[in-house]
Amino acid sequence: MDIKPTVWIDARQDADSGADVLRPMRSTALGNDADFKSPYRAEQVRLAKRLIKEAIPDVRHLFNRARRCRDIRYDSAGRVIGKLMSRSSVEVVALIGAEKPESGQEGTLLHSLAVSASMIAFGRSLALNEDAVSLLGFGGLLHDIGKMALSPKLLERSGPLDTAEFALIRKHPELGHEMLRQIEDIPKAVLDVCLYHHERFDGSGYPYGLVGAEIPEVARIAAICDVYDALTTIRPYKTAWSPREAIDAMLRSTGQFDPVLLDAFVSWIVRHDVTQ
């Protein structure tokens with residue numbers, strides 16, 4: 001597929017994802033919206049609500065403790081990953097497409113849960129072994145834990161951030177990495193997802209501006225799942241994009257994502273119920 005770069009970066013920063021917002025100038029790479037069915041079918045909504053109800057108390061406990069004590073309860077994270085790993089692909093996919101609050105701590109919790117589910121499902125589609133898939137799940141769940149070291153007022157902002165505020169948001173990968181390093185024997189893959197999920201394949205990311213294979217593969221997977229979920233979630237200044245709109249914009253981005261992994265992700269999205 002010959003994709004020409006027709007995406008530009010909105011100057012408004014996204015307070016929830018900590019990333020600039022991709023906006024498509026035109027949408028032709030994947031056809032029309034009619035080619036994609038609604039991701040919010042009644043059965044998927046029911047499955048997603050059930051899984052969220054079961055998992056979110058542990059996620060909330062995990063993030064609240066991180067905010068209050070700067071301490072991560074890895075056992076709480078383990079219970080969440082156990083729930084996600086034991087569910088059918090249908091249930092996990094339903095969670096990925098679930099509607100989520102637009103901002104604030106509750107939005108961060110559900111975004112983290114959805115990214116974890118997405119990384120688990122995508123990792124399995126890449127034929128990774130279950131140990132590797134589990135680490136992807138842990139990384140996805142904890143990738144934004146550093147935001148718990150930031151002011152709640154900053155996370156709850158309903159509009160674009162100013163330069164100083166955006167600089168604070170950009171510190172969350174390093175803040176989270178420092179929290180996670182306190183956990184004895186924490187796997188390197190989980191640390192890598194947290195620290196590097198905002199690095200971009202072309203070197204335009206942060207915190208270090210790494211390029212290509214300098215970015216650990218687990219973080220390249222996380223970058224794709226993180227941005228996809230951010231684009232398909234409501235924001236104060238935009239509606240939630242459809243799966244087609246999101247992956248069209250990501251395909252047309254100028255080198256932000258690992259092209260091999262992005263092609264695999266798009267194939268997985270189109271092939272499964274995320275878009276049906």
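**Basis.** I am working with a predicted model, in which local features need pLDDT of at least 70 and side-chain atom pairs count only at pLDDT 80 or more, while totals for chains, interfaces and linings use all residues. Residues are numbered from 1 along each chain as its sequence is written, and side-chain values use heavy atoms, with hydrogens and water left out.

**Fold.** I looked up the secondary structure and found 12 helices and two strands, taken as DSSP runs (helices H or I, at least four residues; strands E, at least two) numbered from the N terminus. Along the sequence, the pattern reads β-β-α-α-α-α-α-α-α-α-α-α-α-α.

**Burial.** I noted that 56% of the 276 residues are buried, where buried means under 20% relative accessible area, exposed over 50%, and partly exposed in between (1.4 Å probe, protein chains only).

**Salt bridges.** I counted 10 salt bridges, each being a side-chain nitrogen of Lys or Arg within 4 Å of a carboxyl oxygen of Asp or Glu. One of them joins R79 and D58 at 3.1 Å, N to O; R79 lies in helix α2 (residues 74-86) and D58 in helix α1 (residues 42-69), so the pair ties together parts 21 residues apart in sequence. R79 is partly exposed at 38% relative accessibility, whereas D58 is buried at 14%. I also found D58, R79 and K83 linked in a network of salt bridges.

I then looked up K147, which pairs with D144 at 3.4 Å between the closest N and O atoms; K147 is buried at 0% relative accessibility, and D144 is likewise buried at 0%.
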